[in-house]
Amino acid sequence: MHQRTTVYQIATVDEESVPHVRSHMHRDILYPVDSPERPVILTTTDVRAPKVTQMLRNSRVELVWRLAGSQDQFRIAGFAHVVPSSTHPSYDAFKPASYLDLSKFAEHGFNWEKKRKEVWNEMSGPFRALWCTPDPGSHLASHEEQKNWPQSVPKLGEAKTAEEKKNQEISLQNFALVFIEPVVVDWVQVGCVPNQRTKWTRKGSTGEWTEEIVVP
Ligand SMILES: Cc1cc2nc3c(=O)[nH]c(=O)nc-3n(C[C@H](O)[C@H](O)[C@H](O)COP(=O)(O)O)c2cc1C
């Protein structure tokens, strides 16, 4: 399932327990082959971003996904896993947690590096260039400086110059997948009267979901 225009907000906490929230573009939902009831939500980021440090330190996150048309809100709590380039110096530290068996995604030759490159390749050239900037959050003397940054990065196999090849390498090296493994889903419907709210909680290692209707 691809819903590229869909945006949700993901909250993390830093080492001082200060919350941080930001918008993310939804990229995909992946269903483990032998446990489709445990889907993971896929988005992307820059491995240099502060949120990555926060997710690695405390993988508990919460995202809120509002569907404006139907007026539904999904608040999804879970664990965030960051998947950087397999050649990134810190790849070992970034390895997705062992409790999520990656072989469950093995259908059709799935592997995370292949998926990462596919998602990168599906984005537009100007989007791929966003991963060629100086470190996110670092100081800029003025917006003028941004004019010297790469404006577009070609797909894999389409680089014509040495500079384009270099930009592909930089962008891919900074490009990371983030996937969120939900453990609580809180669905609020404010498009009906009275409003309705349903909560699903995943129980421990068995992974079974329980459903509860709660007061909105
Ligand atoms: C509509 C919208 C979509 C965004 N999508 C993403 C995204 O998919 N990934 C991402 O890392 N940042 C995305 N951003 C930027 C983040 O919201 C945030 O400003 C930036 O990543 C810095 O976050 P951090 O300092 O907490 O790491 C988006 C911003 C907007 C306004």
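Okay, let's start at the ligand: by class, the shell around it holds four nonpolar, five polar and two charged residues. Here Ala, Val, Leu, Ile, Met, Phe, Trp, Tyr, Cys and Pro count as nonpolar, Asp, Glu, Lys and Arg as charged, and the others, Gly among them, as polar. Before I go on, this is a predicted model, where local features need pLDDT of at least 70, side-chain atom pairs count only at pLDDT 80 or more, and totals for chains, interfaces and linings use all residues. Residues are numbered from 1 along each chain as its sequence is written, and side-chain values use heavy atoms, with hydrogens and water left out.

So who is in that shell? Val 7, Arg 22, Ser 23, His 24, Met 25, Thr 43, Thr 44, Thr 45, Ala 49, Pro 50 and Lys 51 surround the ligand, where near means a heavy atom within 4 Å. Strand S2, strand S4 and helix H1 (50-57) each put in at least two residues, and S2 gives the most, with four. Those labels are DSSP runs numbered from the N terminus, helices being H or I with at least four residues and strands E with at least two.

Now the polar contacts, meaning pairs of N or O atoms within 3.5 Å; within protein, one must be able to donate a hydrogen and the other to accept it, and residues adjacent in sequence count only if both atoms are side-chain atoms. Ser 23 uses a backbone N or O atom, 2.9 Å from a ligand oxygen. Thr 45 comes in with a polar side-chain atom at 2.7 Å from a ligand oxygen, and Lys 51 has a polar side-chain atom 2.6 Å from a ligand oxygen. On its own the ligand has 630 Å² of accessible area, and the protein covers 56% of that; those areas are Shrake-Rupley with a 1.4 Å probe, and for residues only the protein chains shown count as cover.

Next, the largest pocket, at about 480 Å³. For this, a 1 Å grid is laid over the protein atoms alone, and a pocket is an open set of points where a 1.4 Å probe fits, with protein on both sides within 12 Å along at least five of seven lines; lining residues have an atom within 4 Å of a point. Points are joined across faces, edges and corners, and the volume is the space filled by probe spheres set on them. There are 22 lining residues, with Thr 45, Asp 46, Phe 127, Leu 130 and Trp 131 nearest the centre. S2 (19-25), S4 (40-46) and helix H4 (125-128) each supply at least two of the lining residues. By class, the lining is ten nonpolar, eight polar and four charged.

On to the strands. S1 (residues 7-13) pairs antiparallel with S2 over seven bridges, where pairing takes at least two DSSP bridges. Tyr 8 sits opposite His 24 in S2. The two strands make a hairpin with five residues between them, and Ser 17 in the turn has a positive phi of about 65°.

S5 (residues 60-67) and S6 (residues 72-83) also run antiparallel, joined by eight bridges, with Arg 66 opposite Gln 73 in S6. Four residues separate these strands in their hairpin, where Gln 71 has a positive phi near 60°. S6 then pairs antiparallel with S7 over twelve bridges, and Ala 80 faces Ile 180 in S7.

Last one: Val 193 and Pro 194 are joined by a cis peptide bond, omega about -5°. Pro 194 is in the loop between S7 (175-189) and S8 (196-203).
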